[in-house]
Amino acid sequence: MYIPREERYQDMIYRRCGHSGLKLPAISLGLWHNFGAITPFEQQRAVLCAAFDAGITHFDLANNYGPPYGEAERNFGEHMKRDFKPYRDELIISTKAGFDMWPGPYGDHGSRKYLMASLDQSLKRMNLEYVDIFYHHRPDPETPIEETMLALHDIVKSGKALYVGISNYSAEQAQAAIETLGAMGTHMLIHQPNYSMMNRRPEQGLTDVLREKGVGMIAFGPLAGGLLTGKYNAGIPSDSRAAKDPRFLKPGDITPEKLNTVARLKDIAQARGQSLPQLALSWTLRDPVVTSALIGASKPEQIRENVQALEKLSFTPEELSAIDAVLNA
Ligand SMILES: NC(=O)c1ccc[n+]([C@@H]2O[C@H](COP(=O)([O-])OP(=O)(O)OC[C@H]3O[C@@H](n4cnc5c(N)ncnc54)[C@H](OP(=O)(O)O)[C@@H]3O)[C@@H](O)[C@H]2O)c1
């Protein structure tokens, strides 16, 4: 039986999510990889337990995480039943719909029909009565924003989600969504964009919109899928994502230019007394508009290394300039 570490809340930092009552751990765990049918159940359990023991109270899912689609939610439902049920009120569990999930015109994009049905399916797979956060996973230019936002508003009213968010929306799309939902009387809790040292696009307008509107931001992929850990600088390790599950991190994407950038960042990390993943996470969290850095992990040791980033969150202006120089080169 899993007994969580008693001191689990001592070292984690909890940050307020925009203008809301909800705090999230500065580091959250996503189940996009490592929770499908190709990962042993006990390995998944070890990662989840290590996360909760470290004070990571937020687990992020989506309808189509796997493989196959739905499998991460199904496995998570089993972990809930076996280990985490007594801690439901200590957990923030999110899921999403917006990408392809089932065949035909109602299993993709942003219609009310898709979002409502998908959330019901997710709740069944996860053995949950409600999720804490439900996201529209990507913008859908063909569905009126009013329809998608009304579905989110009604989902909150139904009690099937306590809060709602959006993901992968541009600054302009996010502003329209936040205002449309707000006019219905529901506050947009959070936005989930990709943000890391390898992708600084949210700095070009999105973070300003979120700050102004009091919406939190959870940065997904802060380690660029593992690239920003330095693990690929001496070739592709056999137990890494690029070797085992290269659906989204293809060996061809790991270019000499990126590896050179990573090597230079590693020198900066060393000078700060951090490991490279710790530097990447501290950097992602340097702007308070970023509520949480949403990592993935295949091993419990990765969680334990990554949460130590929180011991050194501040940067000198010289360190930030040195990082900018590497990233802009
Ligand atoms: N909203 C969206 O559209 C969207 C899209 C993508 C992701 N997400 C969310 O963001 C979450 C995180 O995405 P991600 O997994 O790509 O994030 P990431 O944190 O950039 O990459 C995580 C991977 O890096 C490696 N790693 C982590 N810590 C390490 C360490 N200390 N040392 C060595 N390797 C380490 C592990 O891969 P190995 O297998 O190589 O060990 C791990 O699975 C997802 O689970 C999901 O919840 C959302």
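At what angle do helix 1 (residues 41-53) and helix 10 (residues 300-307) pack, and how far apart are their axes? The angle is about 25 degrees and the axes are 8 Å apart. This is a predicted model, where local features need pLDDT of at least 70, side-chain atom pairs count only at pLDDT 80 or more, and totals for chains, interfaces and linings use all residues. Residues are numbered from 1 along each chain as its sequence is written. Helices (H or I, at least four residues) and strands (E, at least two) are DSSP runs, numbered from the N terminus.

**The barrel**

- Eight strands form a closed barrel in the order 3-4-5-6-7-8-9-10, with parallel pairing; two strands pair if DSSP finds at least two bridges between them.
- On average, neighbouring strands of this sheet are turned by 30 degrees against each other, direction ignored.
- Axes here are lines fitted to C-alpha atoms, for helices over the stretch in contact, and angles run from 0 to 180 degrees between N-to-C directions.
- Strand 7 (residues 161-167) and strand 8 (residues 190-192) run parallel and are joined by three bridges.
- S167 has Q192 of strand 8 as its bridge partner.
- Helix 4 (residues 145-158) packs on the sheet, where it touches strand 6 (131-136) and strand 7, and its direction makes about 155 degrees with that of strand 7.

**Helix 1 on helix 10**

- Helix 1 and helix 10 are therefore roughly parallel to each other; angles under 35 degrees count as roughly parallel, over 145 as roughly antiparallel, 65 to 115 as roughly perpendicular and the rest as oblique.
- The crossing of helix 1 past helix 10 is right-handed; a crossing gets that name if the near helix is turned clockwise from the far one by less than a right angle, and left-handed if anticlockwise.
- On the helix 1 side, A46, V47, A50 and A51 make the contact, and on the helix 10 side P300, I303 and R304 do; residues are in contact if their C-beta atoms, placed from the backbone, lie within 7 Å.
- Six of these contact residues are nonpolar, none is polar and one is charged.
- For these classes, Ala, Val, Leu, Ile, Met, Phe, Trp, Tyr, Cys and Pro count as nonpolar, Asp, Glu, Lys and Arg as charged, and the others, Gly among them, as polar.

**Helix 3 on helix 4**

- Helix 3 (residues 112-126) packs against helix 4 at about 30 degrees, with the axes 9 Å apart.
- That makes the two, helix 3 and helix 4, roughly parallel.
- Helix 3, too, passes helix 4 in a right-handed crossing.
- From helix 3, R112, L115, M116 and L119 meet E147, L150, A151 and I155 of helix 4.
- This contact has six nonpolar, no polar and two charged residues.

**Around the ligand**

- There are 30 residues around the ligand, and G30, W32, F220, G226 and G296 come nearest; a residue is near if its C-beta atom, placed from the backbone, lies within 6 Å.
- Strand 10 (290-295) and helix 10 are the elements that give two or more residues to this shell.
- Helix 10 gives the most, with three residues.
- The shell has 10 nonpolar, 16 polar and four charged residues.

- Most residues other than glycine have a negative phi, and most peptide bonds are trans.
- The G66 to P67 peptide bond is cis, with omega near 0 degrees, and P67 sits in the loop between strand 4 (58-60) and helix 2 (71-84).
- P67 and P68 are also joined by a cis peptide bond, with omega about -10 degrees.
- N34 is not a glycine, yet has a positive phi of about 75 degrees; N34 lies in the loop between strand 3 (27-30) and helix 1.

How values were computed: Two residues are in contact if their C-beta atoms, placed from the backbone, lie within 7 Å.
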